[in-house]
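My entries follow in the order I made them.

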Amino acid sequence: MRKFISLSAVLALTAAVALPALADSPATTTTTTTTTTTTPTTQAPTPRSHSHWFAGSVSAVGGSSVTLGVLWTGPHDGSLNGQSVTVSVDSNTQITSGPNRSPAQLSDIQNGDLIGVRATALGSDLTTLTATEIHISCNCHWVSGTISSLAGGSITLQVKRTGPYDTVLAGAPVTIGVGDSTVYIQGKDKTPISFSDLEVGDGVGIVFSANGFFKAPGFDPSTAVFTAKRVHQWGHKQVPPPSSDSASAATTSA
């Protein structure tokens, strides 16, 4: 009997020790690991800035832009030919004028001026053109000859002599328009006269502008529009040399 009691006590003591131990044992946990693969994002390359060259007649001038009808382009800018193009002008744009490339400002550019433009654009987007250089051509050509006919708004003469950049007109009949801004002078003293003082057969020297660039591919002087800036009358069949109008004659390569 005593042995049975002792055995029962031992079993009870063992159970008392084992149960708290089981209660303190951590529960078994199953962990699932998920691996996420991230694909790197490919960014589009930033468009490179490209240089362009074109020239034409100015149709509008803004506070920070100039618009021109393109008449002549560089070898890689043919898509601009014949287009109306607006170019931004900023503080870094270099503007020059005339054969000596004298410094000029945007305000010096007038409608009808012939200008050459070097500009940059982002990639192939030609709507983002910003001018780096603008050159204002003097657009002053010169011919002399004898008047073959006179109309209300034009003079036709048989060309005998030309300026250095107008030789394509030598020997040809050329019609040059006149307007309210055309100046008329006579002889060595450059006496002011008027259109009505001119006569068929008079020898004259004419400083004029053109609506295009003589050097531009495709320029056709037979269909071009010429406008007289100054008509210098010298008398019947007296054909003057270029030196007679040297101050304003034919010093442009346009």
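I began with the second largest pocket and noted a volume of about 210 Å³. A pocket here is found on a 1 Å grid over the protein atoms alone, as an open set of points where a 1.4 Å probe fits, with protein on both sides within 12 Å along at least five of seven lines. The volume is the space filled by probe spheres set on the points. The model is predicted, so I kept in mind that local features need pLDDT of at least 70 and side-chain atom pairs pLDDT 80 or more, while totals for chains, interfaces and linings use all residues. Residues are numbered from 1 along each chain as its sequence is written, and side-chain values use heavy atoms, without hydrogens and water.

I listed 15 lining residues for this pocket, lining meaning an atom within 4 Å of a point. Asp113, Cys138, Asn139, Ser209 and Lys229 lie nearest the pocket centre. Strand S14 (residues 226-236) gives the most to the lining, three residues; strands are DSSP runs of E, at least two residues, numbered from the N terminus. By class I noted four nonpolar, eight polar and three charged residues in the lining.

His141 lies in strand S8 (residues 141-151) and is buried at 0% relative accessible area (buried is under 20%, exposed over 50%, with a 1.4 Å probe and protein chains only). The His141 side chain makes a polar contact of 2.6 Å with the side chain of Asp166; such a contact is a pair of N or O atoms within 3.5 Å, one able to donate a hydrogen and the other to accept it. I found Thr96 in strand S4 (residues 94-97), buried at 18%. The side chain of Thr96 has a polar contact of 2.9 Å with that of His135.

Is Ser124 buried or exposed? I read 72% relative accessible area, so Ser124 is exposed. Ser124 sits in the loop between strand S6 (114-122) and strand S7 (130-136). From Ser124 to His50 I noted 7.9 Å, C-alpha to C-alpha, across 74 residues of sequence.

Last, I looked at strand S3 (residues 84-88). S3 runs antiparallel to strand S2 (residues 65-73), joined by five bridges; pairing needs at least two DSSP bridges. Opposite Val87 I found Val66.

Note on methods. Helices (H or I, at least four residues) and strands (E, at least two) are DSSP runs, numbered from the N terminus. Ala, Val, Leu, Ile, Met, Phe, Trp, Tyr, Cys and Pro count as nonpolar, Asp, Glu, Lys and Arg as charged, and the others, Gly among them, as polar.
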